[in-house]
Amino acid sequence: MRRNIGFDKGNESVRFGIIWALMLVLPATAFAAPGVGDPVYGATVTKGVTEFEARYGRLMGGADDGADGLVLETEHAFSNRFAGAVLVEIGRDGNGQRSANSASIEAIHTLGRVDALALDVALYAEYKYGFRGTSDVLEGKVLLEHRAATFDARLNVISEHALQHSAPVDLSYAASVDWAVIGNDLRLGVAAFGDLGSTQHFGGRQEHFAGPEIKIEIDHFGSGELEVEAGWLRAFGAARDRTQGQARLLISYEMHF
């Protein structure tokens, strides 16, 4: 059962909020282009659901043509308020060299629902262990989701922080809007990902990607549910200096345990 966020003051929520807030003072570094291998997270979880997900993004055109990223993730919802996951990131640079970049653990904790705005709110935290001498990273997100009938809008406000000395806090966003056009089996919409700068230099000319997406859901696929999301995001701002855009493909399979 969802709760009104105004009355949600449990110790678990406070602890998670403190962890996320502490991330804001840690140094950070940016990695792949915004949106490559990244989802736009919703702000609710369902107890007992285990999800296996593969997320792929590939830059098209420009100096970085062919660079891509693949994320493999397994997530389990231990309650309607908390889900945990493990994931591995694999990438290929513009020279065609592919390698595993990092392994991570993540957690999502739902805070509740602001009834007046029909807005669900959650917090996200991730610890990323970097391979080949790259810095470990802590990442925090505020997850916001508004649902009304066939409409779904999501906004993730993101801070990413590498555990190394004197690096700034990098800020970014992920957002999506979509509508169900055939029940919940087919949804059409748009998604956007981008950088917001850092605590040392906020705003300015940053990398952004935005474009249309299609989402297909197949119920009773074996003993679970299959979801496929595909899209093409055009490059804007500084991203135009190295690519024309990115193709995206997300495949997830959900089972109840």
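**Reading the fold and two of its residues**

Modeller: Let us begin with burial over the whole chain. Of the 257 residues in the protein, 47% are buried. Please keep in mind that this is a predicted model.

Biologist: How much accessible surface does the protein have, and what share of it belongs to carbon and sulfur atoms?

Modeller: The accessible surface is about 12700 Å², and carbon and sulfur atoms account for 61% of it.

Biologist: Which secondary-structure elements does the protein have, and in what order?

Modeller: There are one helix and twelve strands. Along the sequence, the order is α-β-β-β-β-β-β-β-β-β-β-β-β.

Biologist: Which bridges join strand E1 to strand E12?

Modeller: Strand E1 (residues 49–60) and strand E12 (residues 245–256) run antiparallel and are joined by twelve bridges. Leu-59 stands opposite Gln-246 in E12.

Biologist: Let us turn to single residues. Where is Glu-213, and is Glu-213 buried or exposed?

Modeller: Burial is judged from relative accessible area, with a cut-off of under 20%. Glu-213 is in strand E10 (residues 207–221). Its relative accessible area is 7%, so Glu-213 counts as buried.

Biologist: Which side chain does Glu-213 join through a polar contact?

Modeller: The side chains of Glu-213 and Arg-248 are joined by a polar contact of 2.9 Å. Beyond four places in sequence, the residues that Glu-213 touches include Arg-187, Val-190, Glu-229, Gly-231 and, again, Arg-248.

Biologist: Why does Ala-235 count as buried?

Modeller: Ala-235 is in strand E11 (residues 224–237). Ala-235 counts as buried because its relative accessibility is 1%.

Biologist: What surrounds Ala-235, leaving aside its neighbours within four places in sequence?

Modeller: Ala-235 is in contact with His-208, Phe-209, Arg-240, Thr-243, Gln-244 and Gly-245. A distance may also be read from C-alpha to C-alpha: Ala-235 and Gly-211 are 24 residues apart in sequence and 9.0 Å apart in space.

How values were computed
Residues are numbered from 1 along each chain as its sequence is written. This is a predicted model: local features need pLDDT of at least 70, side-chain atom pairs count only at pLDDT 80 or more; totals for chains, interfaces and linings use all residues. Side-chain values use heavy atoms; hydrogens and water are left out. Helices (H or I, at least four residues) and strands (E, at least two) are DSSP runs, numbered from the N terminus. Buried means under 20% relative accessible area, exposed over 50%, partly exposed in between (1.4 Å probe, protein chains only). Accessible areas come from the Shrake-Rupley method with a 1.4 Å probe; for residues, only the protein chains shown count as cover. A polar contact is a pair of N or O atoms within 3.5 Å; within protein, one must be able to donate a hydrogen and the other to accept it, and residues adjacent in sequence count only if both atoms are side-chain atoms. Contact means heavy atoms within 4.5 Å. Two strands pair if DSSP finds at least two bridges between them.
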